[in-house]
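Q: I have a model open and would like to learn how to read it. Could you take me through its features one at a time?

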Amino acid sequence: MPDVTRTHSEPVPAPDDPRHPASPEEGSARPDPLAARVRAATPGLRPLVARATAVRRARERLTGADAAKARGAPRWTDVFTTQFTEFSNRPR
Amino acid sequence: MVGGCNAVAEQAHPTVAGPPATAGEPGTGPGPEGWTGMRGVAEIPSYILMQPTTLCNLDCAYCYLPGRSADHRMSERVAAAVATTVNAWAQRVERFSVVWHGGEPLAAGREHLAALMAPFERIEHHVQTNATLIDDAWCEFFLAHQMEVGISVDGPATRSALRTDRSGHPAYDRIMRGVAALRRHGIRFAVICVVSDPTPELAIELYEYFLELGCYWLGINIEEREGVNTRDNTRTEARVREFWAALTAAWAADPRLELREVEWSLHYLGAALRGEADTVLPRQRDPVPTVAHDGRVVLFSPELAGFDRAPGYGDFALGNVLDTGLDEIVRSVAHHPTGWVAEYFAGVEECRRTCPYFGFCGGAHASNRYFEAGRFDVTETEHCRNTKIRLLEGVLDHAGRHQNP
């Protein structure tokens, strides 16, 4: 499984490029309405995502969470973020 | 916020049920086999919630908890039974968290809470509190037990009118005294903020307020119709999207706060840009065990705890730790889901099949399905719309308007 926290140095194709990840796949049985939205927002989205990544990495260095991740500690906040939100906290 | 540790989490939290989790084809949406995350149930949860008391000293207008005016305390026997399983789990994973939730957990008192915590070993303790009871003695308790602290506050006094005590008096000043104590002792704290009427103006006001308050982490919950809260949670799509878009703008201008909803969205959208949207969700569903004061256990949605006579379902409890090990309860439900859990799993699979946002959220929450629709096999809920779909769309709205955030 790809490491989704890694910043990819390869340039993402332009939003109107058929190779763009958000482009509809040829032969795709199901329309993906979200793909069009992502594609349209890509120019503004890309720097925003880069900023979020940089902020998260700086935070992880500050708290030592990067070391915990390197040890393989699961980030349980991933779970409550998607399943239960009446609780706040984050990994050390 | 999902890290590359997902792959590691798969090893640490083995699956015991459900179709095998396989990596999907890269793309913004699912691969040919559909979304591949959240399949099966993790044998070992990441955390459990414990209810040391049903009592809450506040009576917030939107609270979902039944029976919060009564002080039913968890016995040490219940805590010890839970610890037997949890201590074994904690030896098999890198991290395990026990969250003391409520009621208001501090209403149990320091002595009793300490007794409940005593049998747990090698775990991280967390508390989610309304902060009104926090004083120097509680701060010393938090430090002594290395507890992570999360508080609930809805913004400045003018925005916190729904957080009141049983006499209807605003709790805001008491909450601020608790915050002052935390700051005095140098204890970092996270915040959950409930928003009942989302507007872009409120988003900006809240972000500035919480920066000033000094929390390090902020989660925003749009008020939900669940539990004993039957207030309508239908909201205008445009207003909710504008709220999230404005919050994204505020965060982008000064990203000092870890902002759960916006950062989670950007994490997902970043993966989508890379064609990895289907890798974001945890591979397995966390059972999120909640242990009520009397030892009864509900899984997946803590909000279901405490309901004895739900129409059509009765008691949502899936076992009692005084009779059965918590590990056995989790295993049994994962292998042989019956009743409301089977219905919920059917609903999740329908979400997986039909919802383009599944890779972002993992399916509507069990409690929202039940409390909005009266059953568990429905799909999109009002909570989905306000807190998942309109959130993602609001972040995209912001990105679409700003070439350089």
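A: Gladly, and let us start with charged pairs: a salt bridge is a side-chain nitrogen of Lys or Arg within 4 Å of a carboxyl oxygen of Asp or Glu. Side chains of opposite charge can pair when their charged atoms come close. In this structure B:Arg401 and B:Glu242 form such a bridge, with the closest N and O atoms 2.6 Å apart. B:Arg401 belongs to helix α13 (residues 382-401) of chain B and B:Glu242 to helix α7 (residues 237-253) of chain B, so the bridge ties together parts 159 residues apart in sequence. Helices here are DSSP runs of H or I with at least four residues, strands are runs of E with at least two, and both are numbered from the N terminus.

Q: What kind of model is this, and how are its residues and chains labelled?
A: This is a predicted model, in which local features need pLDDT of at least 70 and side-chain atom pairs count only at pLDDT 80 or more, while totals for chains, interfaces and linings use all residues. Residues are numbered from 1 along each chain as its sequence is written, chains are lettered from A and ligands numbered from 1 in the order in which they are written, and side-chain values use heavy atoms, with hydrogens and water left out.

Q: Is B:Arg401 buried, exposed or partly exposed, and what about B:Glu242?
A: Buried means under 20% relative accessible area, exposed over 50%, and partly exposed in between (1.4 Å probe, protein chains only). B:Arg401, at 47%, is partly exposed, and B:Glu242, at 28%, is partly exposed too. Salt bridges that share partners also make one network of A:Arg37, B:Glu237, B:Arg241, B:Glu393 and B:Asp397.

Q: Which residues have the most contacts inside the largest nonpolar core?
A: A nonpolar core is a set of buried Ala, Val, Leu, Ile, Met, Phe, Trp, Tyr and Cys residues joined through side-chain atoms within 4.5 Å. The largest one has 132 residues, and B:Phe142 and B:Phe210 have the most contacts inside it. Contact means heavy atoms within 4.5 Å. Leaving aside neighbours within four places in sequence, B:Phe142 touches residues including B:Leu106, B:Val127 and B:Leu182.

Q: Where does α2(B) bend?
A: The bend at a residue is the angle between axes fitted to the seven residues ending there and the seven starting there. For α2(B) this is about 30 degrees at B:Ala83. Among the buried residues of α2(B) are B:Val82, B:Ala83 and B:Trp89, and their cover includes β1 (47-50) and α9 (326-335) of chain B.

Q: What is the mean pLDDT of chain A?
A: pLDDT is the predictor's confidence in each residue, from 0 to 100. Where it is low, the predicted coordinates should not be read in detail. The mean for chain A is 64, and 36% of its residues reach 70 or more. Over residues 1-12 of chain A, pLDDT stays under 50.
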